Amino acid sequence: MALLSKKSKEAFKDPLMASNPISLQVLGICSALAVTVQVQTAVVMTLAVIAVLAASNTTISLLRNKIPGKVRIIIQLSVIATLVIVIDQILKAYMYDMSRQLSVFIALIITNCIVMGRAEAFAMQNNPKDSFLDGVGNGLGYGGILISVAVFREFLGNGSVYGVQIVPETLYSYGYENMGLMVLAPGAFVILGLIVWLHRIFAGIEAE
Amino acid sequence: MQWLRDILDKVAPLFEKNGKLEILHPLYEATDTILFSTDEKTESGPHIRDNIDIKRVMILVVVSLVPCYIFGALNIGYQESLTFGLSSDWKTNLISGLLKIGPILAVTFATGAFWEVLFAVIRKHSISEGFLVTCALIPLTLPATIPLWQVAVGTSFGIVIGKEIFGGVGMNIFNPALTTRAFLYFTYPAQISGDKVWAIAPDGYSGATALSIPAGQLDANAVTLLNNASINTVFDFSWFNMFMGWVPGSIGETNKIIIIFSALFLIFTGITSWRIMIGSVIGLVFTALLTNLLSPYSSNAMLTIPPHYHLVMGSFLFGTVFMATEPVTSSHTELGKWYYGFFIGMLTVIIRSINPAYPEGIMLAILLMNAFAPLIDYFVVKSNIKKRMTRYAQ
């Protein structure tokens with residue numbers, strides 16, 4: 001028997017490319033715009049979302065036969081909210097500066113459509129192992145786009161990637177300048193739009 | 001010219017289907033139709049016979065822009081000699097101005113042509129002349145001191161994001177030339193607004209455009225501020241001088257007489273809509289009068305600018321004549337054009353007066369109304385349907 005069944009593999013692989021939560025389902029856009037000015041914040045945000053998604057998917061999948069249908073949203077929400085608060089507290093305890101920079105956006109993972117969406121659409125119908133893989137896969141698919149947007153924004157807007165200066169000083173002395181627009185929210189819209197465009201071209205998707 | 005036709009016919013098979021250079025067919029077609037008139041005819045569907053076609057419209061717009069370029073060159077040279085404290089005749093002014101404009105124009109057209117050809121090849125459609133007008137408009141909206149690489153980046157953004165991603169010419173929501181300017185405005189604010197503009201002169205010198213003089217000033221009359229600036233700096237900011245265009249500003253927008261004549265030319269040749277132009281002037285005058293009424297209750301100096309100063313300061317006339325009237329992005333219904341124009345004029349004054357960070361409002365006003373133009377059309381059509389329904393019911 002293979003390590004992972006076909007279904008488990010799909011649960012993990014699909015959200016990476018074929019049904020990417022951001023570029024194809026267009027979920028979780030708000031945080032993709034807010035935390036992508038720097039790569040560091042995007043990486044921490046990605047890790048936080050992966051942790052929340054994996055844990056919430058597993059927990060809800062374990063509870064799926066006990067949750068009464070009528071109050072399932074409330075129960076999903078309380079599970080997710082608990083996990084987000086835990087992550088928020090961990091960041092505050094061990095990475096205080098980072099948590100200051102991310103400010104409310106960690107807390108806002110609770111309202112991130114991807115987390116609720118996966119809990120409702122996947123974890124409620126599938127076993128814990130598949131749900132865990134689905135959570136990690138969606139988190140990675142989300143993070144992949146988030147980090148690529150952040151790389152472009154930080155490179156064009158600040159001349160650096162992950163805090164490391166890439167554009168040499170000599171170029172600045174020749175009159176090169178950082179793109180101020182990339183630091184502003186519209187810059188994220190443009191980059192994200194271009195990524196969605198390219199992704200859909202390569203995925204061969206013409207229209208909804 | 002038969003030899004040229006022969007050469008084109010000889011290389012034609014290379015670009016036809018299954019030819020060696022099939023991928024470059026749009027380039028061949030563009031060269032062919034620029035040199036010779038096409039023998040292709042509309043074959044199906046109902047169509048209107050008229051002697052005006054897209055190419056003629058585009059050419060007439062470009063023709064109407066030429067005087068703006070010439071005056072722009074004269075003015076650049078004049079401002080340069082002013083800031084250096086030299087006296088110079090119009091010939092030296094013209095030459096030094098053309099030397100500034102030439103590279104900007106060349107970079108714009110090269111970048112625009114590159115993207116247009118690239119997308120034509122990828123999407124397998126013919127090259128549209130639309131980019132010629134866009135590229136002719138872009139340099140006129142920029143200050144003469146802008147670095148050339150920024151022109152290239154901005155033009156790329158305007159053509160690709162402003163036009164091509166929506167499907168090319170005729171599909172765009174926003175005016176591509178203004179998209180370019182808006183991009184440059186927010187991306188490299190130091191080069192396109194503020195003190196560095198017009199610093200052609202030695203270090204430590206800074207020039208300001210007419211609108212940035214009262215911007216952010218408190219408890220003062222805008223006209224007094226402008227008159228003070230005329231005394232304290234080498235520039236003359238009197239109403240008549242601003243009307244004549246001998247002030248710092250973007251390349252094509254300073255001379256209002258030329259713009260008014262271009263507007264008349266475009267209206268009489270039937271190219272652009274006079275409703276939009278008149279509507280936006282009415283909107284501007286109305287809102288300026290309103291801000292003048294409110295000015296005693298606020299310390300903002302921008303509120304005290306009288307309507308006739310609003311008309312000659314900044315790029316309002318240029319924007320409303322050449323940008324707002326773009327047929328693709330403006331309202332299509334006749335009544336809608338009045339509303340569309342009125343709101344452009346109104347928003348221009350509001351953005352100019354209320355937000356000290358944006359002394360010029362016409363660019364943002366037009367882009368905003370571009371987004372609302374289809375909605376205006378929708379309501380105009382709806383109300384027409386409703387009117388007819390009630391008439392029919394009686």
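**Predicted two-chain model: confidence, chain B architecture and selected sites**

Chain B has a mean pLDDT of 83, with 91% of its residues at 70 or more; pLDDT is the predictor's confidence in each residue, on a scale from 0 to 100. The model is predicted, so local features are reported only at pLDDT of at least 70 and side-chain atom pairs only at pLDDT 80 or more, while totals for chains, interfaces and linings use all residues. Residues are numbered from 1 along each chain as its sequence is written, and chains are lettered from A and ligands numbered from 1 in the order in which they are written. For the complex, the predictor gives an ipTM of 0.79 and a pTM of 0.83. Among the elements of chain B, the lowest mean pLDDT, 72, belongs to helix α2 (residues 25-35) of chain B, and the highest, 93, to helix α12 (residues 274-294) of chain B. Over residues 198-206 of chain B, pLDDT stays under 50, and the model has 16 contacts beyond four places in sequence for this segment. Two residues are in contact if their C-beta atoms, placed from the backbone, lie within 7 Å.

The secondary structure of chain B consists of 16 helices and zero strands; helices (H or I, at least four residues) and strands (E, at least two) are DSSP runs, numbered from the N terminus. With a radius of gyration of 23 Å, close to the 21 Å that the globule rule gives for 394 residues, chain B is as compact as a globular protein of that length. The radius of gyration is taken over C-alpha atoms, and the globule rule is 2.2 Å times the number of residues to the power 0.38. The C-alpha trace of chain B spans about 70 × 70 × 35 Å along its principal axes. Of the 394 residues in chain B, 44% are buried. A residue is buried if 20 or more other C-beta atoms lie within 10 Å of its own, exposed if 12 or fewer, and partly exposed in between, with C-beta atoms placed from the backbone. Among contacts in chain B with a separation of 6 or more, 70% join residues 24 or more positions apart.

Chain B is divided into domain 1 (56-192) and domain 2 (215-383), with bounds from an automatic or database domain assignment. The C-alpha centres of domain 1 of chain B and domain 2 of chain B are 21 Å apart. Their contact takes 32 residues from domain 1 of chain B and 27 residues from domain 2 of chain B. On the domain 1 side, α3 (54-84), α5 (130-140) and α7 (176-187) of chain B each supply at least two residues, and α3(B) gives the largest share, 14 residues. The residues of this side divide into 22 nonpolar, nine polar and one charged. Here Ala, Val, Leu, Ile, Met, Phe, Trp, Tyr, Cys and Pro count as nonpolar, Asp, Glu, Lys and Arg as charged, and the others, Gly among them, as polar.

In α5(B), 10 of the 11 residues are buried, so the helix is largely enclosed by the rest of the structure. The buried residues of α5(B) include Phe131(B), Cys135(B) and Pro139(B), and they pack against α3, α4 (90-123), α6 (148-160), α7 and α14 (316-323) of chain B. Helix α7(B) has 12 residues and reaches 16 Å from its first C-alpha to its last, close to the 16 Å expected at 1.5 Å a residue; the expected span is 1.5 Å times one less than the number of residues. Because 11 of its 12 residues are buried, α7(B) is also largely enclosed by the rest of the structure. Arg181(B) and Tyr185(B) are among the buried residues of α7(B). These buried residues pack against α10 of chain A together with α5, α6, α8 (189-192), α14 and α16 (362-393) of chain B.

The contact between the chains takes eight residues from chain A and eight residues from chain B. On the chain A side, the elements giving two or more residues are α10 (180-183) and α11 (185-203) of chain A. The residues of this side divide into five nonpolar, two polar and one charged.

Ile114(A) is found in helix α7 (residues 113-123) of chain A and is buried, with 23 other C-beta atoms within 10 Å. Beyond four places in sequence, Ile114(A) touches Pro21(A), Leu27(A), Gly28(A), Leu53(A), Asn138(A) and Tyr142(A). Gly144(A), in helix α8 (residues 128-158) of chain A, is partly exposed, with 18 C-beta neighbours inside 10 Å. Tyr162(A) is in the loop between β1 (160-161) and β2 (164-165) of chain A, and has a positive phi of about 55° although it is not a glycine.
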